[in-house]
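Biologist: I've got a model open and I'd like to learn how to read it. Could you walk me through it?

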Amino acid sequence: MTLVSFSPPGERPDSEVGRGAPTSVRLLPKPSIPGQRILGPVLVILLWYVASAQQWVSPAKLPGPAAVLTAFNETIATGVLANDLLMSLQRAALGLGIGVSLGFVLAVIAGLSRFGDSVIDGNVQVKRAIPNLALIPLFIIWLGIGETMKIMVIALGVMVPIYINTHAALRSIDRRYVELGQTVALTRKRFVRDIVIPASLPGFFTGLRLGVTGAWTALVVVETINATSGIGYMISQARTYGQTELVLLGLIIYGVLGFSSDAAVRIIERRVLSWRQSLEQ
Amino acid sequence: MASVARAVVKGLTRREVAVRARGLVRRFHGNTVLHGVNLEIHKGEFVALLGKSGSGKSTILRALAGLDEGVDGTGTIAVPSRRSVLFQDSRLLPWKKVIDNVTLGLDDPDARAGALRALEEVELQHRTDAWPKTLSGGEQQRVALARSLVRRPELILADEPFSALDALTRIRMQRLLLDLCSRHQPAVLFVTHDVEESLRLADRVLIITDGIVSYDEKTEDVRASPTRFEAYRTEILEHLGVPQRQH
């Protein structure tokens, strides 16, 4: 850049730079521009719109965006959507809350005591090896097909990633910080509060993002199998009556829920772990 | 300023003992690192501990700091309960702001006021609420100094605290440490591998060779005389196995 300003008048700066300035091969993609990630989805919706307007696919298989929008307005007007959405959100939130608390508490107990580790860790690892959804039959036998069963399936699915990631973070706490705690004579309670918990939070948030995704996945399954309300129920009813636009609407709602909950977790994570970004700002 | 305060202490010849270690033996995996080290440090005395890599200087410091739990060994140690450790890295908790790093583990209600005073002493009062990662290496080590000071230590155990800093920052930190020590008069055990640093800072230089104290010399007068400084430098380097060329 400075070369250009020093080039004598009359000479073309471009050629000067082209000859003199060292160049290197670009190895990384160009820096991202704000909002560029929205471009892909927008293209897909555009393609969808064109495909249905041109009747490339039958409306029974893939109704256009307009039909889905109409279905959205109708379900809003009748109150069906609000009711189903509320049920789904309630299940997801309860399952998530129980799963997160359970996973975090178990991880802290297992991470901080040998006894806790020997009792808890092996069991969670075994639980991890059994696909969560495979437990549904057993849960139905134990808890029936009501809300408790659904919430427990979600909670167990959430618990595992929270536990695994928090536990891993706890186990890898820098020994130097433990030494520091000893030299300033921290009590055990203070050590947990000032060092252990903050040091395990990055792992916890990794687990939380996985857990939130897992909560939605489990929700879809339990609502599709046996439910009388919820977005999953709405989808399976719509399938029975061949209302493809309602199926699509349900999928879009799942997508929006998953996307916005992940974004929310990321915002909270950035707030809580603001000390990590301090160099980037 | 430092030398004046030191002279006062020097006048008190019958000073009380701050640190006493007797017959310190430490083994790692059957390998004896300390072979019965005897060590006394007086109140307010600044002792530098030199030695080659693996000579056991850090092992002594860790033993005095009580950081060698589970290590095989014998011997008796008496150290003040108010002591603090300066590590080679500043060892600040990245998730705590500067002020909270300084008050780490303190209970009394005026800890914060004390921390602010300590930060002022290390000239960091303007970074009180900064995250440690936004500080330079020298600033981080100054926070570590404040964390140490706020505990009013009778003994400071320093394990090469300035060795990771650049040369100019190191000199500034050495001056700051001397200044603080002259004001607060703690006993200091300062582990270093830098001979000039040891002469610049310490009243007394110890060398540990193969797990015993092989050299113990009062060097507090060297700062007034470049010739004596040079003579000690040569002597200590030779003792450490680095013979000096004759000019």
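Predicted model: local features only at pLDDT ≥ 70, side-chain atom pairs only at ≥ 80, totals over all residues.

Biologist: Okay, which residues does Leu49(B) touch, not counting residues up to four places away in sequence?

Modeller: Leu49(B) touches Lys57(B) and Ile60(B), then Leu189(B), Phe190(B) and Val191(B), and also Leu206(B) and Ile208(B), with residues up to four places away in sequence left out.

Biologist: And which residues touch the most other members of the largest nonpolar core?

Modeller: That core has 62 residues, and Leu49(B) is among those that touch the most other members, along with Val47(B), Ile60(B), Ala146(B), Leu189(B) and Phe190(B). There's also a second, separate core of 33 residues, including Leu106(A), Met152(A), Val160(A) and Ala227(A).

Biologist: Now the sheet in chain B. In what order do the three strands come?

Modeller: It's an open sheet, ordered β2-β1-β4 in chain B, with antiparallel pairing. In chain B, β2 (31-42) and β4 (72-78) stand at the edges with a single partner strand each, so one side of each has no neighbour in the sheet.

Biologist: How many bridges join β1 to β4 in chain B?

Modeller: Six bridges join β1 (residues 17-28) of chain B to β4(B), and the two run antiparallel.

Biologist: Which strands does helix α2 of chain B touch?

Modeller: Helix α2 (residues 57-65) of chain B packs on the sheet and touches β1, β2 and β4 of chain B. The direction of α2 makes about 120 degrees with that of β1(B).

Biologist: On to chain A. How many helices and strands does chain A have?

Modeller: Chain A has 13 helices and zero strands. For overall shape, compare the radius of gyration with a globule's: a compact globule of 281 residues would come out near 19 Å, but chain A has 26 Å. Along its principal axes, the C-alpha trace of chain A spans about 85 × 75 × 30 Å. Buried residues make up 28% of the 281 residues in chain A.

Conventions
Residues numbered from 1 in each chain as written. Chains lettered and ligands numbered in written order. Core = buried A, V, L, I, M, F, W, Y, C linked by C-beta atoms within 7 Å. Buried ≥ 20, exposed ≤ 12 C-beta atoms within 10 Å, placed from the backbone. Contact = placed C-beta atoms within 7 Å. Helix = DSSP H or I, 4+ residues; strand = E, 2+ residues; numbered from the N terminus. Rg over C-alpha atoms; globule rule 2.2 N^0.38 Å. Pairing = 2+ DSSP bridges. Axes fitted to C-alpha atoms, helices over the stretch in contact; angles between N-to-C directions.
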